[in-house]
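Open the structure in a viewer and keep a selection tool at hand. The stops below say what to select next and what is there.

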Amino acid sequence: RVPMGPLSLLLALSLLSPQGTAGASCPPRCVCASNLLSCSQANLSAVPAPLPRFTAVLDLSHNNVTRLRADWAPARLPHLHALLLSHNGLAFVSTEAFTNVPRLRHLDLSSNRLRTLDENLFSDLGELEVLLLYNNEITTVDRTAFENLGRLRKLYLGQNRIARFPLELLREGTRLPQLALLDLSANRLRAVPAGELQALPAWLRDRLYLHNNPLACDCLLFQLLDRGRRRHLSAVEDFQDELRCFPPGPSAPIKILDLAGTQPLNCSKAREAVLEAYLGDSVTLGCDSRWQGVRSRHWVTPGGERVLGDGGNGSVVLLANGSLQLQALRPEDTGTYSCWVAGPLLNETLYVELLVHNFTLHGPHDTLNTAYTTLVGCILSVVLVLIYLYLTPCRCCCCRGTEKPPAPRDDSINSSVLSTTPNHAGGTGEPCGSHIASGAGTGQNGRFKGGGTPPMPARQGPKAQRKVSDPDSVSSVFSDTPIVV
């Protein structure tokens with residue numbers, strides 16, 4: 001074995017170093033600094049070859065590379081994590097262009113001429129975190145273009161011609177589970193599913209940019225953005241003037257946040273985090289914080305009790321995702337619950353108002369509302385009074401005009417119930433006007449005596465005498481005097 005001298009040792013070390021390899025020299029018209037290759041503004045029409053295997057950052061911006069074929073990187077570049085291709089007039093990208101750069105985490109394709117994002121275009125980039133596609137001519141986005149991008153956190157698609165973006169990709173547990181920023185500003189979106197967007201976590205809605213789109217005015221969209229403004233979400237708070245919509249008819253765009261109480265839609269403000277439930281139900285109160293890296297959470301009940309785990313008899317449970325689950329609801333569970341969040345930068349407090357109805361959802365109401373009962377009682381009382389006043393028969397003898405009121409007979413035939421109609425006339429006034437009736441004698445049983453009883457002398461005082469009915473008149477029995485029951 002020959003001993004290694006100092007010169008041979010230096011030669012061996014130079015061969016092991018990246019810069020010393022024969023096929024890893026810095027390409028022409030590029031600047032190399034350690035593992036960084038800058039070929040920007042070099043008037044290149046193709047990617048220079050060969051590329052050093054140790055390359056970690058490759059800057060090819062501001063050139064004339066119009067097509068990115070599958071063979072632009074013939075050898076595997078295991079260390080490449082940033083590729084910059086902006087301002088190249090790039091119009092075509094092969095679906096196999098990223099096969100040999102699987103560790104890419106930052107890809108900049110902005111300010112080019114891309115028109116479509118084909119299926120499985122970025123499926124080889126399983127570790128990609130940032131994708132810049134803004135300021136292109138993109139009109140079509142295939143829903144499988146972002147397949148296998150489980151680590152993508154930021155997607156910039158602003159200043160394109162997109163009329164519809166597959167927002168269903170944003171649902172939790174689908175293709176983009178880690179996405180925290182989506183820029184769709186300055187496109188051609190006319191409508192967005194506000195209900196689905198409201199269901200997204202707040203940390204994603206905080207970076208969902210929709211400004212400078214020709215959106216149609218809609219109250220659901222207004223309520224979505226109004227909640228974002230009250231929550232101080234940056235995508236709404238920082239671009240309030242640029243969030244505009246077109247009302248029905250040929251008119252100029254207006255601010256979406258100005259739709260509250262104004263024509264033509266007259267939108268109403270949405271309530272923030274208000275839940276309604278019924279006795280015995282189970283509900284889950286979400287702690288929808290706008291911070292993604294939450295360190296800790298805890299809840300405070302309306303009674304001031306702090307909930308860190310299972311509470312009480314197990315009816316209050318703090319779930320692993322920070323939500324609070326309430327089981328077997330009672331009327332006293334009504335109130336405002338607050339969720340205290342310790343975020344990576346700032347703390348945040350969220351409030352959820354719970355209203356528990358005092359009856360079950362599928363059963364009959366246990367109690368009636370007091371105000372409703374009182375109102376129904378008042379209405380019934382008024383109706384009964386009106387019936388009594390206007391539908392009761394006339395009781396005064398003067399209402400009969402000049403007809404003589406019949407008097408009951410004392411004999412067995414005429415002492416029928418029909419002939420003993422009581423005379424209700426009375427009071428301090430004169431019951432029958434100017435008519436003077438002759439009184440009839442009464443027996444011990446209080447009945448009037450029939451037959452030729454002589455008339456009684458006229459009474460003194462304000463009351464006039466009564467006349468005795470003809471005992472032989474049969475019509476007195478069937479008098480048309482109204483019977484008061």
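Which residue in β24 stands opposite glutamate 276? Select glutamate 276, then leucine 355, which is the residue opposite. This is a predicted model, in which local features need pLDDT of at least 70 and side-chain atom pairs count only at pLDDT 80 or more, while totals for chains, interfaces and linings use all residues. Residues are numbered from 1 along each chain as its sequence is written, and side-chain values use heavy atoms, without hydrogens and water.

Next, select residues 274–278, strand β17, together with residues 347–357, strand β24. Strands here are DSSP runs of E with at least two residues, and helices are runs of H or I with at least four, numbered from the N terminus. β17 and β24 pair in the parallel sense over five bridges; a pair needs at least two DSSP bridges.

Now turn to the cavities. A cavity is a set of points on a 1 Å grid over the protein atoms alone where a 1.4 Å probe fits but cannot get out, and lining residues have an atom within 4 Å of a point.

To see its lining, select residues including Arg205, Leu224, Gly228 and Val236. α4 (219–230) and α5 (234–237) each give two or more residues to this lining, with the largest share, three residues, from α4.

Definitions and conventions: On a 1 Å grid over the protein atoms alone, a cavity is a set of points where a 1.4 Å probe fits but cannot get out, and a pocket is an open set with protein on both sides within 12 Å along at least five of seven lines; lining residues have an atom within 4 Å of a point.
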